[in-house]
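Hi,

Here is the structure I promised to pass on. Have a look at it first, and my notes on what turned up follow below.

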Amino acid sequence: MDIEVAWIENNIIKTKLSDEQHQQLEGVVRAVAIKKGDTIVKEGEKGGILYLVRSGCVDIFQDLDGQVQRLAGLGEGSMIGEVTFLSGELATATVVAAEDSIVYTMDRAGFARLMQTSHELVFALFTYMLLYQSSMIRGLKADQIKLMSFMSGSHK
């Protein structure tokens, strides 16, 4: 299965890639079909792979005090494993396909090759990672504010 470079250009990179960058990206990014119910990432396992949800939906679960809890559902354009991809730490959550999905994957070795050959492409990917993380943090803050408002009774 091939990656859709035009989708990556429009939704992730936000610019048209040169033919050379197109080939470089195709050389390090893989498209993987995931069936509903399949585990993509398992909590506690070694990371090092960046996942980008191209289509479908995934659920994020975490073991909290011995009970597995669903933390979130993520759809198209969502990144998974970006922290372990960059840090090499163990995965802090389990990710399961909530429906049949296509994910794009890139390992650290592929990213290192891109760093040597296409600084602009790496910069664009880092920018997307940072913007994605900041949007997730803003969303968490909004949810926390709503919860605090509800718990204090000031939501009435």
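Predicted model: local features only at pLDDT ≥ 70, side-chain atom pairs only at ≥ 80, totals over all residues.

In which hand, left or right, does α2 pass α4?

The crossing is right-handed as α2 passes α4. The two helices cover residues 19-28 (α2) and residues 108-117 (α4), and their axes come within 9 Å, crossing at roughly 160°. Angles over 145 degrees count as roughly antiparallel, and α2 and α4 are therefore roughly antiparallel to each other. On the α2 side, the contact is made by Gln 24, Leu 25, Gly 27 and Val 28, while α4 brings Gly 110, Arg 113, Leu 114 and Thr 117. By type, the residues of this contact are 3 nonpolar, 4 polar and 1 charged.

Searching the whole structure turns up 1 cavity of 30 Å³ or more. The largest cavity holds about 120 Å³ of space. Leu 25, which belongs to the α2 side of the helix contact, is also one of the residues lining this cavity. Others in the lining include Ile 8, Ile 12, Val 29, Leu 50, Tyr 51, Leu 52, Met 79 and Tyr 104. At least two lining residues come from each of α1 (5-13), β3 (49-55) and β8 (101-107). The cavity lining divides into 11 nonpolar residues and 1 polar, with no charged ones.

Then there is the open space. About 940 Å³ lies in the largest pocket. Its lining is made up of 35 residues, and those nearest the centre of the pocket are Ile 60, Glu 82, Thr 92, Ala 93 and Met 136. Several elements give two or more residues to this lining, among them β3, β4 (58-64), β5 (67-74) and α3 (82-87). The largest share, 7 residues, comes from α5, the helix that spans 119-152. In the pocket lining, 19 residues are nonpolar, 10 are polar and 6 are charged.

Notes:
Residues numbered from 1 in each chain as written. Heavy atoms only, no water. Axes fitted to C-alpha atoms, helices over the stretch in contact; angles between N-to-C directions. Helix = DSSP H or I, 4+ residues; strand = E, 2+ residues; numbered from the N terminus. Parallel < 35°, antiparallel > 145°, perpendicular 65-115°, else oblique. Left-handed = near helix turned anticlockwise from the far one by under 90°. Contact = heavy atoms within 4.5 Å. Nonpolar A, V, L, I, M, F, W, Y, C, P; charged D, E, K, R; others polar. 1 Å grid on protein atoms, 1.4 Å probe; cavity = no way out; pocket = protein on both sides within 12 Å on 5 of 7 lines; lining within 4 Å. Points joined across faces, edges and corners; volume = space filled by probe spheres on them.
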